[in-house]
Amino acid sequence: MKFSFDEIKRATGAQVMGEGEFEISTDTRTIKKGDLYLPLKGANFDGEAFCDKALESGAAACFCTKEMQNGIKVDDTLTAYLQIANFARRKYNPKVVGVTGSSGKTTTKEMIYSVVSEKFKTHKTFSNHNNEIGFCQTVLSMSEDAEVLIIEMGMRGLGEIELITKYAEPDFAVITNAGSAHIGRLGSLDNIAKAKCEITSALKETLVAHDNERIKKFANFEGEKIFYSINDVEILEKRSGYSKFKYKNQEYELNVEGDYNIENSLSAIEIGYKLGMSYDEIKRGLLAYKPIEKRWETLNIRGFNIINDSYNANPESMKASVSTFLELYESPVVVLGNMGELGEDEIEFHSEVGKYIGKKFKHGTFLTVGNLARYIGEELEKCGLDVKSFENNIETSRYILDNLNAGSTIFLKASRAMKFEEIIEEIKRERA
C-alpha cells in the first residue's frame, strides 16, 4: 500500500513536502529502494539507530523523533504508524470486524474469515499478530479493494485493546469470552472483562459477544448487542472431525469437533448475517473452515495419532478441549503442561482443572509435564485416574515411545512456552 507525502502529512501532521508515492517499511533488512522507513522501539532495541542504514539501502526518507536530513519528524513513531493505518482504514473503508477474547479469538477470527470470504474480498490479521504493530501491518498489507477487514486484538494489560480500537474503528466487534487468561497481569476477572470490553470504545454498529455477565456489565456501548452461548444451540451430531448443530432454527456443520468450536462459530454466523449474507453462504463458509497449526492439529506420526492443541492454554480452554477429546476417543492419552500468566493463584487454577476433569470423566491415561501441571495430576489421581508426571518434554516423549502402543491417540495441551512441539519432534526422531 502506497502513500503520497501529502497523505503522510494529513495522517500524522508531520511537515513534509515532495512528490511520488511510497510504501512504509519498518525493517531495514527487507527495505526496498524508495520506501519510507518507519523505525519502531522496543524494550531492547531502537529502530531509529538504523535510520542511516535505511537511507544507505535506498529509503526515500525516515520517520524520526529528532531533526535529521531526509527525516519526517514526528513525536512518536508508533503513533505515526497507527495514524497512517487509520488513514488507510478510512480511505479504503472496508467493513471492519474486531475480534478479542480470553481464548478462542484466533480460531474465531479464522471462522469469521471462512464465512465472510464466501461473499466478500476479505483481509485478516496474519496468524496471531494481534498487538498494535500487528494491526498496522495488517491494514497496510490489505489490498485497496478489500471489502471486509478482520482485526484480531490481543492484550497484556488495560488500555491496549482501547488503543487498537481507537485506530481500527470497528463496525462490528466480537468478544469470545472473558476468562482467567492473563489474570496474573490484570489481577482480577473484572479487570479482564474491562480490558476485553475496551473493544467497544470506538465501535460503530454492533457488539457480538459471549453471554457472560461480566461482559454485559462492562460493555458500555449504546448500539446493538447480540449475546450467544452454547445454550442457544441444539447439537444434532458430533464425532471426531465433525459437528452438526441447529442455531436459531437453521442447521450448520463444522469439520471440527468440540462444543467450544460450535460456540465460537456462532459469532461468525451472526457477523455473516450483519453483513447481509444468505444462510447458504454462511453455511458453506462454516463448512469450509479448517483449524490452523497447533489448534486441534491432527497428525499421524509413526503409528501414533496425535492431536496437537498446544498453541496456548488457560483453565477454560483446557477444560473445554480435554473434555471434547475424552468424549470422542476411546483409550485416550492426555498430555497436559503448565498454563502461564495465572498469577499468585496459579497452583489453585491448575488444581481446579484436575478436579473438573476428574469429576467429569473416569477413563483415560494422563501425562503431566512441568511443575504446575503436576497439580492437575494430583487431583486426577485423587479421582482414581491413571497419571504419570514428568519434568520435561524429553522424559514425556521417552515414556510415550517406551510404554504406549502404536495406534494410541494422544492429545497435547499446554501454554505455548512449554514447547510441546518438542514431544512431536522427539517421537519423529526416535521412531524413524
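Predicted model: local features only at pLDDT ≥ 70, side-chain atom pairs only at ≥ 80, totals over all residues.
Side chains of opposite charge can pair when their charged atoms come close. Elsewhere, salt bridges link up into a network made of Lys 109, Glu 110, Lys 124 and Glu 152.

The side chains of Asp 309 and Lys 413 meet with 3.1 Å between N and O. Asp 309 sits in the loop between strand S16 (304-308) and helix H12 (315-328), while Lys 413 belongs to strand S20 (residues 409-413), and the two are 104 residues apart. Are these two residues buried or exposed? Both Asp 309 and Lys 413 are buried.

Strands of a sheet pair through backbone hydrogen bonds, either parallel or antiparallel. S16 pairs with strand S15 (residues 297-301) in the antiparallel sense, over five bridges, and within this pairing Asn 300 stands opposite Asn 305. Two residues lie between S15 and S16, which form a hairpin, and Arg 302 in the turn has a positive phi of about 50°. S16 also runs parallel to S20, joined by four bridges; here Ile 306 has Ile 410 as its bridge partner.

Five strands form an open sheet in the order S1-S2-S3-S4-S5, with mixed pairing. Which strands stand at the edges? They are strand S1 (2-4) and strand S5 (71-73), and each has a single partner strand, so one side of each is left without a neighbour in the sheet. Strand S2 (residues 21-25) and strand S3 (residues 36-37) run parallel and are joined by two bridges, with Ile 24 opposite Leu 36 in S3. Helix H1 (residues 5-12) lies across S1, S2, S3, strand S4 (61-64) and S5, running at about 85° to S1. Helix H3 (residues 77-92) packs on the sheet too, touching S1, S2 and S4, and its direction makes about 115° with that of S4.

Helices can also pack on one another. Two packed helices are described by the angle between their axes and the distance between the axes. For helix H10 (residues 259-274) and helix H11 (residues 279-288), the angle is about 145° and the axes are 10 Å apart. Their crossing is right-handed. Ser 265, Ala 268, Ile 269, Gly 272 and Tyr 273 in H10 meet Tyr 279, Ile 282 and Leu 286 in H11. This contact has six nonpolar, two polar and no charged residues.

Our last stop is Leu 401, found in helix H15 (residues 393-403). Leu 401 counts as buried, at 10% relative accessibility. Leu 401 and Ile 427 are 26 residues apart in sequence, and their C-alpha atoms are 6.9 Å apart in space.

Definitions and conventions
Residues numbered from 1 in each chain as written. Heavy atoms only, no water. Axes fitted to C-alpha atoms, helices over the stretch in contact; angles between N-to-C directions. Left-handed = near helix turned anticlockwise from the far one by under 90°. Contact = heavy atoms within 4.5 Å. Nonpolar A, V, L, I, M, F, W, Y, C, P; charged D, E, K, R; others polar. Salt bridge = Lys/Arg side-chain N within 4 Å of Asp/Glu carboxyl O. Buried < 20%, exposed > 50% of the residue type's maximum accessible area, 1.4 Å probe, protein only. Pairing = 2+ DSSP bridges.
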